[in-house]
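The plan is to look things up one at a time and jot down what I find.

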Amino acid sequence: MWMLLSSEWLKTKRTAIRWFTFCMPVVFSSCAAAYLSVRSEFTQEFAFEGFFTLWTVFIIPVGAGVLSGAVVHSEELAGDFNGFLAAGIPRARLYLGKFLLLIFCMSTCTCIAVLAFCAGVDIEAPGLFIAAAALSVAGALPLLALHLWVSFLWGMGASVGMSICGLLMAALLGLTRLGSAAWPLVPWTWPVKLGMLPGACFLKEGGTIPSTAVISGMARTGAAGLAAVSAGLVFFLIGGIIWFNIWEGRKTYG
């Protein structure tokens with residue numbers, strides 16, 4: 001798997017994928033830290049909620065669509081997938097190589113963003129931010145698998161377009177009561193729900209630890225979210241691999 005990832009990473013040389021992975025999160029976190037530095041009413045809870053709301057509702061949905069589309073589009077430009085499909089490597093390994101690259105980019109991007117934010121802001125509990133980052137990436141795995149499938153099937157435009165729709169669903173169903181019952185069925189809400197879970201630790205009722213009700217709610221949401229993520233990842237990744245094994249390329253124009 002390491003060789004697969006190394007091979008795919010080499011293909012991103014001199015592409016926007018590396019800029020998105022390493023530079024974008026620093027810019028994002030710097031802007032967020034600068035905004036908080038001028039606020040007179042700064043709280044740890046506000047910093048956590050603000051950062052992960054923006055990251056899970058806006059950056060992850062759009063990032064999944066753009067990254068997946070860009071990774072596939074680079075192969076499309078290099079001979080309309082002919083060299084890619086005729087490489088003599090099993091189709092499953094080719095597909096998994098792209099998926100591993102997406103995981104690496106999303107994980108690295110999120111990690112850099114959180115570390116840069118914690119470094120720029122006086123965060124008292126960086127462990128909560130790191131835990132939220134890990135849960136956000138875990139919730140994004142089915143999205144990456146779905147967008148990779150869509151990118152191969154219909155192209156970068158479809159992947160980016162679907163990510164915009166996903167952003168709206170993440171905002172409406174992941175942050176409001178509208179999605180209180182339906183969110184386990186909507187993949188774009190999973191990074192939001194899982195990423196926000198550690199933030200419940202700020203909800204204390206006169207003590208130093210969260211109340212029993214808060215902990216119970218966290219456990220229920222976490223269990224539902226992880227179950228949905230596991231099922232979605234298996235469905236989108238296995239389904240994409242099975243489809244990719246019989247795919248003969250996409251006719252391109254222009």
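**Entry 1: what I'm counting.** Before anything else, I need my working rule: a salt bridge is a side-chain nitrogen of Lys or Arg within 4 Å of a carboxyl oxygen of Asp or Glu. I'm also reminding myself that this is a predicted model. With that rule, I get four salt bridges in the structure.

**Entry 2: Lys98 and Glu8.** I looked up this pair and found their side chains meeting in a salt bridge, at 2.8 Å from N to O. Lys98 sits in helix H6 and Glu8 in helix H1 (residues 2–10), so the pair ties together parts that are 90 residues apart in sequence. Is Lys98 buried or exposed? I checked, and Lys98 has a relative accessible area of 1%, so I put it down as buried. Glu8 goes down as buried too, because its relative accessible area is 4%.

**Entry 3: Glu8 again.** Glu8 also forms a salt bridge with Lys11, where the closest N and O atoms are 3.6 Å apart. I noted Lys11 as partly exposed, since its relative accessible area is 38%.

**Entry 4: Lys11 and Glu75.** Next I followed Lys11 to Glu75, and found a salt bridge with the closest N and O atoms 2.9 Å apart. This pair links distant parts of the chain: Glu75 is in helix H4, while Lys11 is in the loop between H1 and helix H2 (16–22), 64 residues apart. Glu75 comes out as buried, with a relative accessible area of 8%. Putting my notes together, I see that salt bridges with shared partners join Glu8, Lys11, Glu75 and Lys98 into one network.

**Entry 5: two helices.** I went back to H6 and looked at how it packs against another helix. Helix H6 (residues 91–120) and helix H10 (residues 212–245) pack at an angle of about 135°, and their axes are 9 Å apart. What do I call that arrangement of H6 and H10? I wrote down oblique, because roughly antiparallel would need an angle over 145 degrees. As for the handedness, H6 passes H10 in a right-handed crossing.

Entry 6: Which residues make the nonpolar surface patch? I found Tyr35, Val38 and Phe46, and the patch comes to about 310 Å². Phe46 has a relative accessible area of 32%, so I noted it as partly exposed.

Notes
Residues numbered from 1 in each chain as written. Predicted model: local features only at pLDDT ≥ 70, side-chain atom pairs only at ≥ 80, totals over all residues. Heavy atoms only, no water. Patch = residues over 30% accessible without salt bridge, like charges linked within 9 Å, V, L, I, M, F, W, Y side chains within 5 Å. Areas by Shrake-Rupley, 256 points an atom, 1.4 Å probe, with all protein chains shown as cover. Buried < 20%, exposed > 50% of the residue type's maximum accessible area, 1.4 Å probe, protein only. Axes fitted to C-alpha atoms, helices over the stretch in contact; angles between N-to-C directions. Helix = DSSP H or I, 4+ residues; strand = E, 2+ residues; numbered from the N terminus. Parallel < 35°, antiparallel > 145°, perpendicular 65-115°, else oblique. Left-handed = near helix turned anticlockwise from the far one by under 90°.
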